[in-house]
Amino acid sequence: MTTMPPASKQAGEKWVGRSVPRREDLRLLTGRGRFIDDFELPQLKHAAILRSPYAHAEIGEIDVHAALELPGVRGVLTGREVAAMSRPFAVGVSPAPKYYASAVERARFVGEPVAVVVADDRYIAEDALELIEVDYRPLPAVVDIEAAMAADAPQLHEECPNNIYSQREFVYGDMESAKKEADRVVTGRFLFPKYGSTPIETYGVIASYDPFADQYEIWSNYQGPMVGHALVAQALGIAENRLRWIIPTDIGGGFGIKTGLYPYIALMAMASKRCGVPVKWIEDRQEHLIASATGTDRLTEMEAYVKSDGTILALKDRAIDNTGGYIRAPEPGCAYRSIGNHTGAYQIRNLEREVLVVGTNKCLTAPNRGYTCQHLYFSLERMMDKVAAELDIDPAEIRLRNFIAADQFPYKTATGGLYDSGDYAAAFRLALQRFDYDNMRQWQKEARAEGRLIGIGLATVVEPSVTNIAYVGLAKSYLERRKEHPKSGSGEAIMVKMDPLGKVHVIAATNPQGQGHDTVISQVVADQLGILPDDVTVSNVLDTHQRLTSITSGSYSSRFSSAGTTAVVLATQRLKEKLFRIAGHLLDAHVESLQNDSHKIFVREQPQRSIEIRHVAGTAHWNQSGLPEDMDVGLYGVGFYNMPTSEPPTEFDQVNSSNTYGFIAEVLMVEIDPETGALQFLKWVSAHDAGTVINPLLFEGQLQGGVAHGIGGAIFEETAYDENGQILTGSFMDYLVPTSMEIPEVDMIHQETPSPLTALGSKGTGEASAMSAPAAIANAVADALRPLGIEVNELPLSPNRIWHWIKDAQSSPSQ
């Protein structure tokens, strides 16, 4: 078997910034990955879940006798037993509706768990489900966001009148003065759809209960944050040190959706305890599409108060998010996660907001790649184009006039976001230049004269990363928050140790799902220690009993390249300090005079006075009495890093909801076929500023993945329901995702303005165009359809929807 040649470089060169191939690929591509379904335990049994066929129904008697009599069935767990064995999950709203790991007395969405069968294999378990008889008493359902808040709407929870889970109003700046100063007001109403991310690997849990220790061990492909661990422990009524979570190195994609796994962890833990055996449950694709999690659907009404020269003085908006049959953590984060960057890349100092989170009889929600930033930017960037059209100013120019200037960084937004660095105008101009914007506008005019529907779309957005968990606190007022302990943070932890031969092992719990964390860690460590990436091995398993973790651990919010790599640098520097002390002792040189490179530590001004790192390491391990005085034995470093900008909300409801902020500029062109409504991408330039690029190859992969997700949300994907709450997209026959055939070639541009907050100057880029592409595509389609008088205010832009718009416009008397 061929292996990749060892990486090499010249003395003084850096590994960071180089396209080092992913070290994970060889293992994965040869079938040596270990995913959740590859794990086995002695006496392991298998679970299947009975799910509600109704969107809203009372649950009477559940007869499980026939199922229990089926040979091979080990036990059945029903909702009433779940209620007896656990508490409702905690959630950051008050009053809180009761949400358990399964339906208790009432089902509130199609696919909600009603019972669990544990059997010798999955086939028997599935057969047993058909033998369970449930007395369902159907109730009226509601699926529309606005209809759910009506006085006569079906009420999902008695604790939440009008189906409102959370509601708050905010005012930042001087709105009254801005309204008086404005020359006009531009309005918009936008509907963003409910869709997910369909990772290749679905949810999976293995649960084992030890009755002698009253302790659970759980294996799962949960992606974090580890607040989920605390939530499950609380629901099970046990201390967190009695709940061991193990998350394997290999996870087949997460994209935020796997943050919604934790209720199933609790459910399988109870099934294991109830049946007295270890239990494995692997979600099938239909279950995933129907009942795992999606992003929220959102209705936004927005007003922009503008001057005649295009200056935007203020925004006013009302946003309503729908989290489905219940609200569960991290919700109501959907309404508050983007608060710090709510005004985007623009100098908008005045803002008035009303946010609501409501319930309907749809499946539940979780952060979907971008976590509602795509919702925000769809409305904000459509408004930028509407303002431009209203004032007869080019859409590119309207953005340039409102950008935060390069010399204003670090920049504090009206809502409390602390933008660390950037040069938005420069990155945008790079994209316009590569696109040949002025000539493309001229070509568009000529094509329109021929009757072709050609549109150019722009989107310029801020990409937040490294969530500060404090933002969820905005669901409560300052007075309410004062009565509670404050919450904030974004911490990460890493351990780096060196063996007697100078080779390095990194112990991490960054919870990768295919991003290449191990490759990046090896690059960073190699630079710090003057060795090769091949000299570094990485163990990246999140284990709450054997790894350094915090409540914020996990892989979400693009946190690894900022918080994770900084923790790696801190840990490696602490190891390096110890190496230098030992080397200085052996070389009889001051530590300050030393330098390292090419596996050696040497005196900077006298490089011939040197010692190989392996000899230093050998001394630390084999000749411990030869160490400098007062030095502990062992050769390791531990790095804990929390962003200094992660602080609780202020009394004025300002919060830095993320910690590093990148920038994206999309410039693209589409053509629409008026006979089919299908759109074709003619040209696409995407400029990204994510600070220092650690590995351009992996960076490009993240960007391409974000484009695919953005196209999916803009054109193809929607978790759709009929008026009775029955799901219409329960398989890939109906739930469409883009394939490689639908993804165009995108010309990527990188600009680097390093972050002052991270050790390498890097920022996150994992969500990228998933946030910006829906807005840019919508603006392009709106531009193409503008001659027909068609407004684009909702997604997805399916050929069917566009075709109906065109036909309606053509049949209108005004055409």
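A residue is termed buried when its relative accessible area is under 20%, exposed when over 50%, and partly exposed in between, using a 1.4 Å probe and protein chains only. The model is predicted, so local features need pLDDT of at least 70 and side-chain atom pairs count only at pLDDT 80 or more, while totals for chains, interfaces and linings use all residues. Residues are numbered from 1 along each chain as its sequence is written, and side-chain values use heavy atoms, with hydrogens and water left out.

Lys 763 is buried, with a relative accessible area of 3%. Lys 763 lies in the loop between β29 (747-751) and α20 (769-785); helices (H or I, at least four residues) and strands (E, at least two) are DSSP runs numbered from the N terminus. The side chains of Lys 763 and Ser 421 are joined by a polar contact of 2.9 Å, that is, a pair of N or O atoms within 3.5 Å; within protein, one must be able to donate a hydrogen and the other to accept it, and residues adjacent in sequence count only if both atoms are side-chain atoms. Beyond four places in sequence, the residues in contact (heavy atoms within 4.5 Å) with Lys 763 include Asp 420, Ser 465, Tyr 661 and Thr 753.

Helix α9 (residues 285-292) is largely enclosed by the rest of the structure, because 6 of its 8 residues are buried. Among these are Leu 289 and Ile 290, and the cover over the buried residues includes β1 (45-51) and α8 (262-275).

Ile 727, in the loop between α19 (696-716) and β29, is in contact with Leu 289 and Ile 290, among others.
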